[in-house]
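Biologist: Please put up the sequence and the model. I will then ask about them one piece at a time.

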Amino acid sequence: MMSRLFSTAALTATALSTSACGPETNRLTPISNPSLYSVNQPVVQHTNYVLDLPVYGGGLPASEQGRLAGWFEGLDVRYGDQVFVQAEGYAAQTVREDVERVVGGFGLLLQDGTPVLDSPLPPGSVRVIIRRASASVPGCPIWEDPLVGGTEQTSTNYGCATNSNLARMIADPNDLVLGQRGGLSVDGTGTKAIRVYRERSSNPTK
């Protein structure tokens with residue numbers, strides 16, 4: 001079975017205008033921005049890493065679990081990565097539990113559902129998908145300010161430094177899209193990750 005990579009762009013920066021129904025000429029751009037709003041906003045891109053593993057005897061063999069753990073290590077799976085499982089047939093739940101044990105050894109939880117991919121799942125296989133988000137501010141830095149005779153407006157580079165630093169420092173770029181739900185305790189989630197890290201075996205397949 002072979003590991004594959006799929007990349008999709010999820011642009012979070014939307015075109016902004018001074019009026020929701022205004023003409024095209026009123027749209028804010030880096031070279032035409034009379035406001036104090038930063039047009040240079042982070043864009044979040046998602047990349048899917050895919051690994052298909054064979055299923056034997058109604059589950060994922062220990063050898064394939066070890067291969068999965070090595071794949072995770074090679075991709076440096078970390079906080080913010082989303083892990084999905086696609087399995088079919090009578091053994092789907094058992095296979096999912098086998099994968100979940102490996103995923104738990106890296107302090108992560110399986111996500112519900114699966115991303116839509118072009119290639120079908122091969123028969124007798126389980127598909128593990130890592131969905132990784134990255135953030136950047138396209139086009140920055142921008143130095144296109146007129147030397148003389150310019151109108152009153154913010155610099156074309158306005159917001160580049162702040163938002164580029166934010167894109168690099170944020171632990172989970174997905175938070176730039178949806179943020180975090182407020183008012184709920186996350187103690188249980190944090191405690192579970194710490195417990196899994198402390199109790200996991202030196203062999204991630206156990």
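Biologist: Which residues does Thr-154 touch, not counting residues up to four places away in sequence?

Modeller: This is a predicted model, in which local features need pLDDT of at least 70, side-chain atom pairs count only at pLDDT 80 or more, and totals for chains, interfaces and linings use all residues. Residues are numbered from 1 along each chain as its sequence is written, and side-chain values use heavy atoms, with hydrogens and water left out. Touching means contact, that is, heavy atoms within 4.5 Å. With residues up to four places away left out, Thr-154 touches Pro-30, Asn-33, Ser-35, Leu-36 and Asp-145.

Biologist: Buried or exposed: which does Thr-154 count as?

Modeller: Thr-154 sits in the loop between strand E4 (125–136) and helix H3 (160–169); helices (H or I, at least four residues) and strands (E, at least two) are DSSP runs, numbered from the N terminus. Buried means under 20% relative accessible area, exposed over 50%, and partly exposed in between (1.4 Å probe, protein chains only). The relative accessibility of Thr-154 is 11%, so Thr-154 counts as buried.

Biologist: In what order do the elements of the chain run from the N terminus on?

Modeller: The secondary structure of the chain comes to 5 helices and 4 strands. From the N terminus on, their order is β-β-α-β-α-β-α-α-α.

Biologist: How is H1 placed against H2: oblique, roughly parallel or roughly antiparallel?

Modeller: The axes of helix H1 (residues 62–74) and helix H2 (residues 92–104) come within 10 Å and cross at roughly 40°. Axes are lines fitted to C-alpha atoms, for helices over the stretch in contact, and angles run from 0 to 180 degrees between N-to-C directions. Angles under 35 degrees count as roughly parallel, over 145 as roughly antiparallel, 65 to 115 as roughly perpendicular and the rest as oblique. Therefore H1 against H2 is oblique.

Biologist: What residues, by class, make up the contact of H1 with H2?

Modeller: Gln-65, Leu-68, Ala-69 and Phe-72 in H1 meet Asp-98, Val-99, Arg-101, Val-102 and Val-103 in H2. Ala, Val, Leu, Ile, Met, Phe, Trp, Tyr, Cys and Pro count as nonpolar, Asp, Glu, Lys and Arg as charged, and the others, Gly among them, as polar. By class, the contact has 6 nonpolar, 1 polar and 2 charged residues.

Biologist: Why is the pair of Phe-72 and Phe-106 placed in its class?

Modeller: Rings of Phe, Tyr and Trp (its six-membered ring) pair if their centres lie within 6.5 Å; planes under 30 degrees apart count as stacked, over 60 as edge-to-face and the rest as tilted. By this rule there are 2 aromatic pairs. The ring centres of Phe-72 and Phe-106 are 5.4 Å apart and their planes stand at 80°, so the pair is edge-to-face.

Biologist: How many residues apart are Phe-72 and Phe-106?

Modeller: Phe-72, in helix H1, is buried at a relative accessible area of 1%. Trp-71, Phe-72 and Phe-106 form one aromatic cluster. Phe-106 is in the loop between H2 and E4, and its pair with Phe-72 links distant parts of the chain, 34 residues apart.

Biologist: What residues is Pro-115 in contact with, leaving aside neighbours within four places in sequence?

Modeller: Pro-115 lies in the loop between H2 and E4 and is buried, with a relative accessible area of 16%. The C-alpha atoms of Pro-115 and Phe-84 are separated by 7.8 Å, although the two are 31 residues apart along the chain. Neighbours within four places aside, Pro-115 is in contact with Asn-48, Phe-84, Ile-129 and Arg-131.

Biologist: How far apart in space are Val-44 and Pro-173, C-alpha to C-alpha?

Modeller: Val-44 is found in strand E2 (residues 43–54) and is buried, with a relative accessible area of 0%. In sequence, Val-44 and Pro-173 are 129 residues apart. In space, C-alpha to C-alpha, their separation is 6.6 Å.

Biologist: What is the omega of the peptide bond from Cys-140 to Pro-141?

Modeller: Most residues other than glycine have a negative phi, and most peptide bonds are trans. Pro-141 is in the loop between E4 and H3. The bond from Cys-140 to Pro-141 is cis, with omega near -5°.

Biologist: What is the phi of Asp-76?

Modeller: Asp-76 lies in the loop between H1 and strand E3 (82–86). At 48% relative accessibility, Asp-76 counts as partly exposed. Asp-76 is not a glycine, yet its phi is positive, at about 55°.
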